[in-house]
Amino acid sequence: MEKERKLKNEVNANGVVEKGDFFDPAAPPPFKIGEIRAAIPKHCWVKNPWRSLSYVLRDLLVVLALLAAATHFNTWFFWPLYWVAQGTMFWAIFVLGHDCGHGSFSESPLLNSFVGHILHSSILVPYNGWRISHRTHHQNHGNVEHDESWVPMPEKIYSKLDSSTRILRFSLPLPMLAYPAYLWYRSPGKDGSHFNPYSSLFSPGERKAVVISTACWTFMFGLLVYLSFVFGPITMFKLYGVPYLIFVMWLDFVTYLHHHGDDEHKLPWYRGKEWNYLRGGLTTVDRDYGIFNNIHHDIGTHVIHHLFPQIPHYHLVEATKAAKPVLGKYYREPNKSGPIPVHLIKNLVKSIGEDHFVSDTGEIVYYETDPQLKKFLATKFERYF
């Protein structure tokens with residue numbers, strides 16, 4: 001009660017809780033989303049299909065060059081380098097397909113769909129199934145009840161998980177391999193599949209699009225099986241299987257850190273009347289990935305992307321710089337990375353060790369910690385706690 005009274009005394013004229021360095025990220029912001037939009041230069045909204053296609057060409061040429069190098073050298077010294085590099089390029093390809101899904105790749109829905117299907121099918125992602133659920137994520141970001149990506153479990157669901165399931169779900173590296181299972185089964189407490197046109201994820205009008213994407217995925221999977229017979233399963237596992245696993249780890253690592261593990265504040269989640277699009281979007285976190293920023297198309301510049309997914313990836317950095325004066329303390333400046341973003345491992349491990357569930361009640365909630373699970377995880381990752 002004393003803490004609540006203290007906070008009330010520190011609400012400023014704009015409704016923001018603030019005292020010295022103290023800041024309440026759950027307080028309603030003193031600005032409108034239109035003010036952020038107005039601060040972003042007009043050219044940042046322009047979608048240049050030729051520029052977008054040039055990134056596709058760049059990434060595909062790198063993928064082919066890596067394949068050629070792997071088959072030429074074919075040594076156990078080179079293979080680990082290939083796996084990391086090619087898995088990272090698979091992730092870069094996903095990000096370009098992600099732009100297609102948002103319509104920020106070009107103004108042409110046909111071109112977006114064509115390129116998106118090619119890129120995502122090549123890395124075993126059902127393009128339309130993912131696109132629709134990802135749209136749901138953006139429309140409901142930060143909403144405990146309706147968000148779609150890395151949604152916190154209410155305590156009533158968490159309490160029903162047996163001990164082994166809790167340990168598996170929160171023990172690295174398994175959470176970083178969750179994406180394929182999510183595509184097939186979604187998250188605990190949610191039903192449906194990204195491959196099933198009759199899934200609760202989709203409306204009746206979207207079923208045809210889901211069928212097309214599932215068919216493309218099936219074709220790609222069949223092609224990989226065929227190539228395994230031609231070149232041998234071990235060769236295909238080295239050329240495609242291991243990079244695919246690296247790609248999945250990149251995807252889970254980056255998307256998790258978009259919504260967890262801020263250094264200074266616990267990030268709020270909302271229910272009911274406390275949620276709105278702007279407040280939900282402001283709970284996302286920008287990250288610096290060092291040399292990978294350009295490789296994976298600045299996907300770490302995520303706050304502005306969540307608020308305005310129509311902005312092409314190559315304008316996100318400039319748009320963010322323009323928007324920061326409006327956002328003020330609601331924008332959390334990312335910690336600068338060295339060439340390799342090893343500093344983010346601490347954020348990941350600490351968050352997974354502490355962010356386990358949210359209360360079943362309340363319209364503004366924060367992750368809570370299962371003390372027994374934290375104690376178990378701390379024995380495995382002691383230096384991060």
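# A tour of contacts in a predicted model

At 38% relative accessibility, K266 counts as partly exposed.

Residues are numbered from 1 along each chain as its sequence is written, and side-chain values use heavy atoms, with hydrogens and water left out.

## Salt bridges

What is the partner of K266 in a salt bridge? The partner is D355, and the closest N and O atoms of the two residues are 2.8 Å apart. This pair links distant parts of the chain: K266 belongs to the loop between α11 and β3, D355 to the loop between α16 (343-354) and β4, and 89 residues separate them. Helices (H or I, at least four residues) and strands (E, at least two) are DSSP runs, numbered from the N terminus.

A salt bridge here is a side-chain nitrogen of Lys or Arg within 4 Å of a carboxyl oxygen of Asp or Glu. How many salt bridges does a search of the whole structure find? The search gives 12.

Another of them joins R166 and D370, whose closest N and O atoms are 3.2 Å apart.

Finally, K350, E354 and K374 are linked in a network of salt bridges.

## Aromatic rings

A pair of aromatic rings is described by the distance of the centres and the angle of the planes. For Phe, Tyr and Trp (its six-membered ring), centres within 6.5 Å make a pair; planes under 30 degrees apart count as stacked, over 60 as edge-to-face, and the rest as tilted.

The whole structure holds 28 aromatic pairs by this search. In one of them, the ring centres of W217 and F221 are 5.4 Å apart and the planes meet at 5°, so the pair is stacked. W217 and F221 are four residues apart in helix α10 (residues 207-231), so about one helical turn separates them.

W269 and Y367 make an edge-to-face pair, with 6.4 Å from centre to centre and 85° between the planes. Because W269 lies in strand β3 (residues 269-270) and Y367 in the loop between β4 (364-365) and α17 (371-380), this pair ties together parts that are 98 residues apart in sequence. W269 and Y367 are both buried.

Rings can also gather in a group. One aromatic cluster is formed by F90, W91, F94, Y127, W130, Y179, Y182, Y240, Y244 and F247.

Charges can meet rings too. A charge sits over a ring if NZ of Lys or CZ of Arg is within 6 Å of the ring centre and within 35 degrees of the ring normal. K238 lies over the face of W76, at 5.2 Å from the ring centre, and R169 lies over the face of F170, at 5.9 Å.

## A nonpolar patch on the surface

L168, L174, L177, F237, L245 and M249 form a nonpolar patch on the surface, with about 510 Å² of accessible area together. Patches are made of residues with over 30% relative accessible area and no salt bridge, where like charges are joined within 9 Å and nonpolar side chains (Val, Leu, Ile, Met, Phe, Trp, Tyr) within 5 Å. The areas come from the Shrake-Rupley method with a 1.4 Å probe; for residues, only the protein chains shown count as cover.

Which helix gives the most to the patch? Helix α11 (residues 233-258) does, with three residues. M249 is found in this helix, α11.

## Cysteines

A disulfide is a covalent bond between the sulfur atoms of two cysteines. With the cut-off that the sulfur atoms lie within 2.5 Å, the count comes to zero disulfides. C100 is buried, at 2% relative accessibility, whereas C216 is partly exposed at 26%.

## Accessibility of some residues met above

| Residue | Relative accessible area | Class |
|---|---|---|
| D355 | 10% | buried |
| R279 | 6% | buried |
| E274 | 22% | partly exposed |
| W217 | 12% | buried |
| F221 | 41% | partly exposed |
| M249 | 32% | partly exposed |

How values were computed:
This is a predicted model: local features need pLDDT of at least 70, side-chain atom pairs count only at pLDDT 80 or more; totals for chains, interfaces and linings use all residues. Buried means under 20% relative accessible area, exposed over 50%, partly exposed in between (1.4 Å probe, protein chains only).
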